[in-house]
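Here are my notes on the predicted model. Please read them with the structure open.

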Amino acid sequence: MGAALCWRRRHPRFESLSMAQKMQQYVDVERGMPEKRAAPERRQDFNEVYRRFEDRQAVEQSSRCEQCGIPFCQVHCPLQNNIPDWLQLAAEGRLEEAYQTSQATNTFPEICGRICPHDRLCEGSCVLEQSRHDTVTIGAVESYITDTAWDKGWVQPPRPARERDASVGIIGGGPAGLAAADQLRRQGYQVDVYDRHDRMGGLLIYGIPNFKLDKALVERRTKLLADGGVRYHLEFEIGRDATLGDLRNKHDAVLIASGVYKARGIAIPGVGLGGINQAMAYLIASNRKGLGERVAAFDDGTLNAAGKNVVVIGGGDTAMDCARTALRQGAKSVKCLYRRDRANMPGSKTEVANAEEEGIEFVWLSAPAAFLGEETVSAIRVQRIHLGVADASGRQMPQVIGDSGFTIETDMVIKALGFEAEDVPRLFGEAGLGKTSWGTIAIDAASKMTNLDGVFAAGDIIRGASLVVMAIRDGRQAAQGIDRYLGAKAGQSLAMAS
Amino acid sequence: MPETGETFVRNWRANARRLAQKGLYDPAHEHQSCGVGLVAAIDGRARREVVDAGIKALQRLWHRGAVDADGKTGDGAGIHVQVPQDFFKAHIRRTGHEPSRGSLAVGMVFLPKTDLGAQEKCRSIVETEILRFGYTIYGWRQVPVNVEIIGEKANVTRPEIEQIMIANNLGVGGDQFQTHLYIIRRRIEQQVLAKNISEFYICSLSCRTIVYKGMFLAEQLSAFYPDLLDERFVSNFALYHQRYSTNTFPTWRLAQPFRMLAHNGEINTLAGNVNWTASHEPRMASEVLGEYIDDVRPIIQPGSSDSEALDAMFELLVRCGRPAPAAEALLIPESINQNTTMPEAHKALFTYCTNVMEPWDGPAAICATDGRWAIAGLDRNGLRPLRYTITNNDLLIVGSETGMVEVPEAEVVEKGRVGPGGMIAIDLLEGRFYHDKEIKDLIAGRQPYGEWVKNITRPDSFIKNKAKSSPPLTAEQLRRRQTAFGLTMEDLELILHPMVEMGVETTGSMGDDTPLAVLSDNYRGLHHFFRQAFSQVTNPPIDSLRERRVMTLRTRLGNLGNILVEEASQCNLLLLESPVLSNAEFEAMRNHMGETACEIDCTFDPSSDSQPLRSALDRICREAEDAVRGGVTHLFLTDMAMCKERATIPMILATGAVHGHLVRQSLRTFTSLNIRSAECFDVHYFAVLIGAGATTVNANLAEESIADRHRRGLFGKMTLKDCLDNYKTAIDKGLLKIMSKMGIGVISSYRGGCNFEAVGLSRALVAEFFPGMATRISGIGLSGMESKVIEMHAKAYAEEATPLPVGGFYRFRSGGEAHGHQGRLIHILQNAVNTESYTIYKRYSEGISDLPPIYLRDLLDFKSANPPVSADEMESITAIRKRLVSPAISLGALSPEAHETLSIAMNRIGAKSASGEGGEDPARYKRRANGDNASSAIKQVASGRFGVTAEYLNNCHEIEIKMAQGAKPGEGGQLPGRKVTELIAALRMSTPGVTLISPPPHHDIYSIEDLAQLIYDLKQINPDASVCVKLVARAGVGTIAAGVAKAKADVILISGHDGGTGASPQSSIKYAGLPWEMGLSEVHQVLTLNRLRHNVKLRVDGGLKTGRDIVIAAMLGAEEFGIGTTSLIAMGCIMVRQCHSNTCPVGICTQNPDLREKFTGTPEKVVNLFTFLAEEASEILASLGVTSFDEIIGRTDLLMQVSRGAAHLDDLDLNPLLVKSDPGPFPARCTLEGRNEVPDTLDARMIDDAKHLLDAGEKMQLTYSVRNTHRAVGARVSSLITRRYGMKGLDPDHFTIRLRGSAGQSLGAFAVQGMTLEVHGDANDYVGKGLSGGIIVLRPPLPSALESYKNVIIGNTVLYGATAGKLFAAGQAGDRFCVRNSGAQAVVEGCGSNGCEYMTNGVAVILGPVGANFAAGMTGGMAFVHDPENVFPLKVNPDSVIHLRIETQYWEDVVKVLIGQHVRRTHSRFAYRLLNDWELERDSFWQVVPMEMLDKLEHPVTREDKENWRAAGE
């Protein structure tokens, strides 16, 4: 009876045991990111920091997913992306299905995959992260899936099953506006997008530096929509080229997705000195340069950091974008001044780490007290900050420590202190448009409509400066609201006609 | 003031009626079980001795029945004997008449006692019907009874007991007289029924036999009926029975024996059998009965118990000409697959039987007589004991136990047992005894069955060959159809894909926390409303994996004939191996049938008229009826015509409608009913279709979906055929599993039985389409269903195609079903317990109540007229916390860290944690240095008995018997080898890395009296602990609980279907069991009704999350509350639901050491949770103006329904849950102090006599004589030894107890090292149960002339869960010898079926033949079987073991040493001869080795392996 051992090799149960389990590989597979270009290399150019996942890596990293009963990644994703599902599909090499699943809830997955603060959203909530096994690399897989889809030609312009007569005007070609445009176009609506810049994309094209989001990605997205029949109106400023009322007459519904662009100021001595710049102006100039344009304020050196000692004020993602841009422009040194500490900064932890690698110096717990200098700024007087006990909201309040001042030498300051809403009703010539106490536009939570019939709003203009992913969500929800609104309207007119 | 019998009876009746109408109680769920037996004179000569023996035997059976609190009212007992003609003739002569020659007939009649009018009416009916047939009457005789000895309650319900004596004045032959009496009796019964008189009952009406029975204790039989003491009362047989019922109401007619048989057990297939009997009725015709056939219909009286129904069918068959043994073979056939050595003639017989009729599946031990034959038999599973003794003066004594009739050993010529599917018989006329094979030879020879069964067509081959698939659906058609039935990606990926890839159903974990179908906003297929029924306590489930051979899916198609005759044409049938057909097979079969088949389109135009679904159902019923009346024998119901314009009737509804319509038209048996359904997708849907009456099922869309995925390359290299085969395999296995939960082995008996309970279906809809199925809270009706179907159809065929949604039913997804455990709330709760913040906890609790309705309790709210009370008046939080329990989660599922944390936390607050199955590290029994106690207060005893030792059972305050688990009631479990770490293996006494199986049933509980026995055993081994029995909510759980309470349980735990699990099949998690709200409320109502409530504590668990849940549970009747999943969440669980895959990232449900390091739970967090729950509950109580929990238990008047569910429902009525039962003079809550004590056994005397041992540790030897009523001998003493000296504190043989006679059940249960029990005689079932180191020796007594190896010496289920010790028995053992043995060494001289099943350790040496299915599921240990005949290879189940002749010296020595010990201790001559002739015998031994052990054995078993391993090691 020598069969004892050979028998085991034959027996189906043993075979099935040896069959590879596809998911839940985190037990054996460690977290991995796509290859990150070395800091010395990447500070030389504006190309993206991360390379794309190799196929094998993407499969392996996706397979780490635990396929939880409650996918906290989805729970904490503003778009409620079905992350475990496309991770499983990716792990099984079913990329086209993965792409379809991913794009079903997200208009720009490859963009979110690059610029979302994953460590605060999906990846930060990932069960594996919570339980100290290191998160699944969700963002990178997300980008990988849709990048592959583009390569393979799976990404197609919206092709509505039927055209509808109703038309929608969208003010603002940023993520919220474009997300809405995409959804509405798929339903067959006639969509016109108005933007005051000379390119579509809003923040995506001009606000975010190329090393985080390659502009080619944004341009192929805007082109895709145009191919699908979305009409663009560039350098079209509401209030200048038309009023909101004009648009309401022209379209059956209007969506305001104009974003917030009014920079927050800082009221300290010396704020009027030369060499002190607004973050957005600085970033736009850099991005336009990158897109091969002539930009006077850059070319004359005003917005070029090359050879300068730069200080960026602020702790958000914009501050970091400015700092890292300055570095790439050839700044002598770049410091980032923030009044709270690392743990309490709003920007993405990953980005802080990347920035530090590249040579940015963070000056925590520091607030500018005065800008010093004759005509242009030459130094900043800085005060040390102590963080007090957390208040009800859980945030620690900064308190200035007396006699703690010190000075930082600088010849270029970039203020990145956040943005506020412009006075849209006045700007758009529609005084009746309702606002919130924050100055943003007020909408009804369920219908997404403003107080004006047929006028909707989405994105930063309703919530203040926020994430791209929030803008996409708002845009998609507003599109649903518009669809319901137009559907109801069509129903009414049908009823009246009969 | 105590309640008088009279008030009790009056109140009980009123109460029961009210509860049945308005509450949750259904008398149909009453169960009964018992002991049964037969004494017969083999020579057929009537003797007084026989009757005497019968009466004596009953006196030895009392422990298998139950006794009321009055100590007098029993559940019933009776005896069936020959009519003593002399006795009655003498009586007639005394009245002045001269009886005519020949046999007179006697009717034993129960008449209404108090209603004299009714009594007179009954007499007149009886007389009229007798006279109408032309017979004359000698007169009535008032049967003398002694009412002194019966209980007050029994007396109040006592009927007037009279006998009517009838002359055979027509001079007809005995058989014909008997037939006429049968017809007369049926006519009388119909007449009385028509007059609405309920107390009337005819025990027997026969010229040959008579039944005496009633509601007294078994030993009081002859005292109550002095007739039986009369010397003239002679008989050649005496059939007797002791009943155990699940209520306390004494119902005289339900005492057994019935007219022909007495039954011990339960008929699992009852629902199907009753339905099919009704369907067969129109075709029944018999020469014997002729036109009288109409008088005997309906065969089964409405409201019959299972035994009564079986008796009725048995009687009919016998009256129509079948001898009793043949009737038994037809009704309860042996399994052909199980018996691999079955002769061809028997196979033909049983093939014929199973094709003619649907078997009545046990568990059943029956003793029956038709006047000429006396038989005793077991069903195919053989789950009831049946032992027999034959004496040298021609007496046969058969019964549930050996030793019931004391026979001097010298007179015994044979001691045997009846095996599964076996039968013994006596032809009383010819005076001959038949063994199993002999009687079957006789029956099989009655007709040319072998020729007949050749007529059966087996189309499997030709439909497979001809199978050609129709063109596939386009991608769009596919997606639209999938959308129409609400399919999601989750269904395809999580459910379908694994079935195709692996051929098995997907496993999931944690409980179901999605809304009941009726409460969901989403579309839920009709199958979601059907909850699978399952067995617990009163009948056992089957192991569909390891005991596959007693099960069959064989499906016959065609025109079923007249079951009363035997003829060749009955085999003109098609026989499929499985009802599951592929598309191609379905079409091939359809084509093959040609003209004999008719296809019925089950789609409808959703826009047609006002009630399109209703009209469509009417149409298909009409079409079906027309077709069958036109001669069609196969109906095909299909929904293939579905398209944009046509929506489908839910096929479950279509099936129920057509099946029901054909049954009502008496046409069902003329046709097969074949269903093609697109919605049918998972195994549950198949089961519902078949349960609703489908013959075959084709899941068309599932197959298309598989083909689509196959085209897309998702199944790798598998061919499409492989894929479809695997899917079918998975469904087949799933169907077997679902049937096995009910203990049903044969699909023909499952079909049409609707073994489900509906939750959320309207009463009207169920009454129309699924009659007989329980639906107690009503719900969605036809119109609601119609609107849902049309809505989904519109969505599916909308212009813009929508992709399939991702799902969310099994795992949370945004936009899918709501889940009770919600991501954000979990974090809030964890935050609350981490920071000890009650404020944050309240946010969690508010969040829970803001969820959409998920559970029934979400539709309830509190009401109270009392003003709130202040917090300082309240019962303390500490007191409330003591009511909380962390329910059983085994170490094995949980990591050791998590398990200990729970125990420590619960002990700190004086509450209880339950250990779960799998033992506990004895190190935990010692107090920790910091004062913590890590020992679980409740120790669980589950079916696997892992780690259940004397020490384990003595280190607790409560012992919990897990009968079922909410997430998978009726199923066993499996701990895969990779989870069996060193620690777990040590606790479970097994080998690391080797799979451990928990069987579906407790192998010592197949019936309620068995549970009583286990409770008895546990109360012996731990004289202080109370005993809890865990049940799962289902319809009828109330009556089961009543039985459990009568079995002396102290706590009953009701689990909801939503209870957690470490691993269960998804369809079980989702579709089995009921919400605890329904179960708890029913249990509380029925216990109160039966005056049992105050003696038993009720506990509840299943998805309890907040203080509100706890208060609602208390108001529905619970005293204690288990919080499982939520307590895991407090320790850091985040509902990953991957417990089954050992990858729990938070280290709670895993054994992986790396993951265990991530565990962050602490006792403090758990304590915080339980404190918050108690505080919140206390707040609610205060707001209701109540100061303590005791005041609200069962107070349903403080609850009200606040929502009736969605608008489209017919109704949703929770009032049945809120009905209150009148408790009589007792409180409606538990007032028991301590525990319900059980009577003493021999140990009481032993303890007195063993003072020297127990006090001073001296070596002792004691001697007693023993009887079968002495149960669990040795357990109590073992407890004392364990407590004093430890389980291994004494040397072996330190304390020897010698016993003479027949030992009762559970001899030596949990006996510990140092104790030796030597029995000179024999023993019953469960010898050495849980043996913990003791030695048990059994040998025939000295005067015996029996050859030990040819006779039976011990019963069934020996050494169940034994962990150490030895057993030597000089004789054969019964079934399931060494089942789940994990350490004992044993030598016996033969054993019954399923030997060494699930064994994980230890050694079994069997020196004689073994029964079928040996070593099924054996994963550890070693067995040796002496088999000179070389038949063992046919008996072994090769799935998990290999067998080989002994090849290595090491193992040869092991065997020899054990046989040597056996010889020394038992003096077995047979064994001595084997040793003596060892050189000759050695090669007749087989060695049986579990495969998983092969690479783990220290000593190889093969010569070759030895070489290989050496090579591998280098």
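1. Start with the outward side of helix α4(A). The face turned away from the buried side of α4(A) carries two exposed residues, A:Asp55 and A:Arg56.

2. Helix α4 of chain A spans residues 55-62, and its buried residues are A:Gln57, A:Ala58, A:Gln61 and A:Ser62. Viewed down the axis of α4(A), these buried residues fall within an arc of 125 degrees, so they line one face of the helix. What do they pack against? The partners are α6 (83-91) and α11 (138-152) of chain A.

3. Next, a helix pair in chain B. Helix α42 covers residues 1242-1249 and helix α44 covers residues 1275-1285; their axes come within 8 Å and cross at roughly 45 degrees. The two helices are therefore oblique to each other.

4. Which residues make this contact? From α42(B) come B:Asp1243, B:Met1246 and B:Ile1247. They meet B:Ala1275, B:Arg1276, B:Val1277 and B:Leu1280 of α44(B). By class, five of the contact residues are nonpolar, two are charged and none is polar.

5. Chain B also has an open sheet of three strands, in the order β18-β28-β29, with mixed pairing. The edge strands, β18 (530-532) and β29 (774-775), each pair on one side only. Strand β28 (756-758) pairs with β29(B) in the parallel sense, over two bridges. B:Glu757 has B:Ala774 in β29(B) as its bridge partner.

6. Helix α21 (683-691) of chain B touches β18 and β28 of chain B. The direction of α21 makes about 95 degrees with that of β28(B).

Definitions and conventions. Residues numbered from 1 in each chain as written. Chains lettered and ligands numbered in written order. Predicted model: local features only at pLDDT ≥ 70, side-chain atom pairs only at ≥ 80, totals over all residues. Heavy atoms only, no water. Pairing = 2+ DSSP bridges. Helix = DSSP H or I, 4+ residues; strand = E, 2+ residues; numbered from the N terminus. Contact = heavy atoms within 4.5 Å. Axes fitted to C-alpha atoms, helices over the stretch in contact; angles between N-to-C directions. Buried < 20%, exposed > 50% of the residue type's maximum accessible area, 1.4 Å probe, protein only. Arc of directions from axis to C-beta. Parallel < 35°, antiparallel > 145°, perpendicular 65-115°, else oblique. Nonpolar A, V, L, I, M, F, W, Y, C, P; charged D, E, K, R; others polar.
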